[in-house]
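Here is a friendly walk through a few features of one model. Take a look at the sequence and the structure first, then read on.

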Amino acid sequence: MILLSEENQLVIDKLSDVELRFLEEMIGYSDVDKSDAGKARLYANPYGESIKYENENSDWEEYVLPSIENKFKEDRDVVKDSLKNVKKTTNESEEFQYKIEIEKGEVLRWYSVLNQARIRLYEEENIPDGEIQEVLDDLLIDTEDNNLNTREVAQEQLEVILKYEMCGVIQDWMISELA
Amino acid sequence: MATETEILEETKTAIAEPWKVLLHNDPVNLMGYVVLMLKNIFGYSDEKASEIMLSVHKNGKTVVWSGEKETAEFYVEQLHSAQLMATIENTGASS
């Protein structure tokens, strides 16, 4: 995967089959409305539970929250639509052959969607905080374990962390281009 | 029974109490993004936004703005729309 900045767009180029699948799955996974843990994190009431803020809580639920939910959904819809325009090189022998072009005006939508996916993944899966190299090393060892169940669990967890990290790298790059 | 002077004093205190917008640390949002959003939403300088972000990271939460209720509500909505963890509170007796 190569990340390029052009005059009016950002380009995620030279994506492999696996990288494209990771990205597509994360975008599909970004719908936090399907996740209680994701909703609890993204739609948390900013006033807390205190009876003191009963009226404010009610206004938040009735007026503010729907507009936030709608914004996140719009972001997801736009990004899912733009995935239909993934370009593929004609050279079938190339390993890294996919390209995604993102207009600069839509970069924050992409960021939002990848973030929704990472938030949901963090809340639902066992994503380690901080330095992950040691965790990845342990998982890699487990993927070669003699026990089939251990191997499968390690492969699954490894893929989850790689998806999470890959999206984080893309988001970090997007922000550095916008700053 | 409270005197008229005492009631007026209490009312003034309640009105003057500012609403606080607090930003909370979270493990998912990237530091650069938090800085960018603080600049975009509050118009803070790069230096001030970075300082706030580091304070949130170190202390778990930080007051990022305080003042009138309506403005505080606007800011907290903007922060939530940016997927940042923010809360709002008023230390006064009533809203």
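Which residue forms a salt bridge with Glu101(A)? The partner is Lys87(A), with the closest N and O atoms 2.8 Å apart.

## Before we go on

This is a predicted model: local features need pLDDT of at least 70, side-chain atom pairs count only at pLDDT 80 or more, and totals for chains, interfaces and linings use all residues. Residues are numbered from 1 along each chain as its sequence is written, chains are lettered from A and ligands numbered from 1 in the order in which they are written, and side-chain values use heavy atoms, leaving out hydrogens and water.

A salt bridge here is a side-chain nitrogen of Lys or Arg within 4 Å of a carboxyl oxygen of Asp or Glu. Back to that opening pair: Glu101(A) sits in strand β4 (residues 96-103) of chain A and Lys87(A) in strand β3 (residues 87-88) of chain A, so the two tie together parts that are 14 residues apart in sequence. Helices (H or I, at least four residues) and strands (E, at least two) are DSSP runs, numbered from the N terminus. Glu101(A) is partly exposed, at 30% relative accessible area, and Lys87(A) is partly exposed too, at 42%. For these words, buried means under 20% relative accessible area, exposed over 50%, and partly exposed in between (1.4 Å probe, protein chains only).

Over all chains, the structure holds 18 salt bridges. One of them joins Lys71(A) and Asp75(A), with 2.8 Å between the closest N and O atoms. These two are four residues apart in helix α3 (residues 54-82) of chain A, which means about one helical turn separates them. Asp75(A) is buried at 2%, while Lys71(A) is partly exposed at 31%. Asp31(A) and Lys34(A) also meet in a salt bridge (3.9 Å, N to O); here Asp31(A) is buried at 12% and Lys34(A) is exposed at 62%. There's a network as well, linking Arg21(A), Glu25(A), Glu159(A) and Lys163(A).

## A sheet in chain B

Over in chain B, three strands make an open, antiparallel sheet in the order β2-β1-β3. Strands count as paired if DSSP finds at least two bridges between them. The edges are β2 (61-67) and β3 (86-90) of chain B, each pairing on one side only. Six bridges join β1 (residues 19-24) of chain B to β2(B), and Leu23(B) has Thr62(B) as its bridge partner in β2(B).
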